[in-house]
Amino acid sequence: MTSGQDSRAGRRTPDRLPAGALLSISLLVGSSFVMVLNETVMTVALPVLVGDLGVSVSTAQWLSSGYLLTMAVVVPTTGYILERWTPRRTYLAAMTLFGAGTLLCGLAPGFALLLTGRIVQAAGSAIMVPLLMTSILALVPTSRRGQVMGMMSIVLAVAPAVGPTAAGAVLATLGWRWMFWLVLPIALVALAAGTRWLHIESETSRARLDVWSVVLTAGAFSTLVYGLTRIGEVGASASEAPLGLPSWAWVLAGAVLLTVFVLRQLLLQRTGSALLDLRPFTVPAYTVSLILAVASYMALFSAVILLPFYVQGVLGRSAFVAGLVVLPGGAVMGLLSPLVGRAYDRLGVRALVVPASVLLCLTLWTFASFGAATPVWLVVLVHVVMSIGLAMNFTPLVTDALGALPRPLHAHGSAIMTTSQQLGGAAGAALFVTVMTLWSADPAGEPDSTGVRSAFVVAAAISTAVLAGSLLLGRGRPESTGSAAAVRE
């Protein structure tokens, strides 16, 4: 090394991003945002598709359920994929799948090809968020991870809320195919940009693929998500389900398969050939933050699921008003996430999550007290305050969890985090809708004030548990653990 190089190395600050890192992260964030937004666009389009494609509501619902099931199957395998492939190769594969699926959806003459396109889209989307998480951990110094992870929170929290609003605007002006034709050029540009500019250094391995683990993870997570989704569907009956099995039977079967999958992974970890390495659970800081993040994600779903029922069924407002009620909160969450990330870099996780959990707890108990005479402006205000609490929760918890892991476990820790959030969201939706339906005074089970309030009580109880758990978080500022920590065999 020359003296000039020595001088430049001496001037490098430890918190400086590598050359090209910001461009790579921005590309990954933008691509992930489009993909995650695509998860929720079908919720608004289903009534239109029922008429245009000549299918029943229960059949059309598979355009959303099939997407979720594919995500549930693919996400647990991303730990293995990220170990075997470079970030660039993984990104190109994800964008190619997403772009091909989008093209199929736009050209689909009927339901079958449209569903196929959605499944191909989901396969690409499932890879992208874990790739984003591991890339941030690889590129960003510990002292700045919170700030950059705040950008990722925009993807996870804001995109699902914006999806239905964007889809509604497209449906009102252009028609449902344009939900895909407008996205396809974005996907192609992102694919070309990734080919040209995405370069992230990484180490790959030649880990052997355990076929039985793939079979078990496909069966376990798809069955669990399907069963939980069926529970969350108002009016779902066993006769409409495959094999005529009730929802609880699918959940039980999924739990059994998941147990077998976990036991097999623990066995394969001894030889380093596990499909999903479970050693992140041996790191207490990771486990605590993971549990709190999943519980907070369930609280988010309480608002996403219950507020539209409340605004339309109890307050008697239109679906358009119900969509506008949650929009300010989503916008606030997106604006705050980068700021929260910077605060995490200075203060650490506990200084943010404890007051955030207090806000979350207070707002959900407030929702539980609302009735038929509550003004809409107050609902919007409380939801905005709740969104502030969620913004202060997500970024610190995810950053703290993944930052506690040694670098060899980053890929598997990201896969576990994404899978757990998916299962938590499905379980939360199922729980809240079931409670709302069972406790409704209406004999037909239609959601009413009593049912909605009961479901918010359950969500508030979960938030109270989050508040108690937040006291277990560490007090210190984030420290560098990614490359120095040893992996416990």
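Which residues do ring pairs link into a cluster? Ring pairs join Tyr310, Phe367, Phe370 and Phe456 in this way, where rings of Phe, Tyr and Trp (its six-membered ring) pair if their centres lie within 6.5 Å.

The structure is a predicted model, in which local features need pLDDT of at least 70 and side-chain atom pairs count only at pLDDT 80 or more, while totals for chains, interfaces and linings use all residues. Residues are numbered from 1 along each chain as its sequence is written, and side-chain values use heavy atoms, with hydrogens and water left out.

The protein contains 19 helices and 0 strands; helices (H or I, at least four residues) and strands (E, at least two) are DSSP runs, numbered from the N terminus. It has 489 residues, of which 54% count as buried. Buried denotes under 20% relative accessible area, exposed over 50%, and partly exposed in between (1.4 Å probe, protein chains only). Among contacts (heavy atoms within 4.5 Å) with a separation of 6 or more, 81% are between residues 24 or more positions apart.

Aromatic pairs number 7 in the structure. In one of these, the ring centres of Phe281 and Tyr286 are 6.2 Å apart and the planes are at 75°, so the pair is edge-to-face. Planes under 30 degrees apart count as stacked, over 60 as edge-to-face and the rest as tilted. Phe281 is partly exposed, at 38% relative accessibility, whereas Tyr286 is buried, at 0%.

Side chains of opposite charge can pair when their charged atoms come close. A salt bridge is defined as a side-chain nitrogen of Lys or Arg within 4 Å of a carboxyl oxygen of Asp or Glu, and by this rule there are 2 salt bridges. One joins the side chains of Asp210 and Arg264, with an N to O distance of 2.8 Å. This pair links distant parts of the chain, 54 residues apart. Asp210 is in the loop between helix H11 (184-197) and helix H12 (211-231), and Arg264 is in helix H13 (residues 247-268). Asp210 has a relative accessible area of 6% and is therefore buried; Arg264, with 26%, is partly exposed. A salt bridge also joins the side chains of Asp277 and Arg279, at 2.6 Å from N to O. Asp277 is buried, with a relative accessible area of 8%, and Arg279 counts as buried at 16%.

The structure holds 0 disulfides, a disulfide being a pair of cysteine sulfur atoms within 2.5 Å. Cys105 is buried, with a relative accessible area of 0%. Cys361 is also buried, with a value of 9%.

Helix H16 (residues 350-369) includes Thr363, and Trp365 is found in helix H16 as well. Thr363 has a relative accessible area of 5% and so counts as buried. A polar atom of the Thr363 side chain lies 2.9 Å from the backbone oxygen of Leu359. A polar contact is a pair of N or O atoms within 3.5 Å; within protein, one must be able to donate a hydrogen and the other to accept it, and residues adjacent in sequence count only if both atoms are side-chain atoms. With neighbours within four places in sequence left aside, Thr363 is in contact with Val382, Val385 and Met386. Trp365 is partly exposed, with a relative accessible area of 39%. Beyond residues up to four places away in sequence, Trp365 touches Val457, Ala460, Ala461 and Thr464. Trp365 and Val457 are separated by 92 residues in sequence, and their C-alpha atoms are 6.6 Å apart in space.

Thr399 is placed in helix H17 (residues 376-403). The residue is buried, with a relative accessible area of 2%. The backbone oxygen of Thr395 is 2.6 Å from a polar atom of the Thr399 side chain. Apart from neighbours within four places in sequence, the contacts of Thr399 are with Arg145, Gly146, Met149 and Tyr344.
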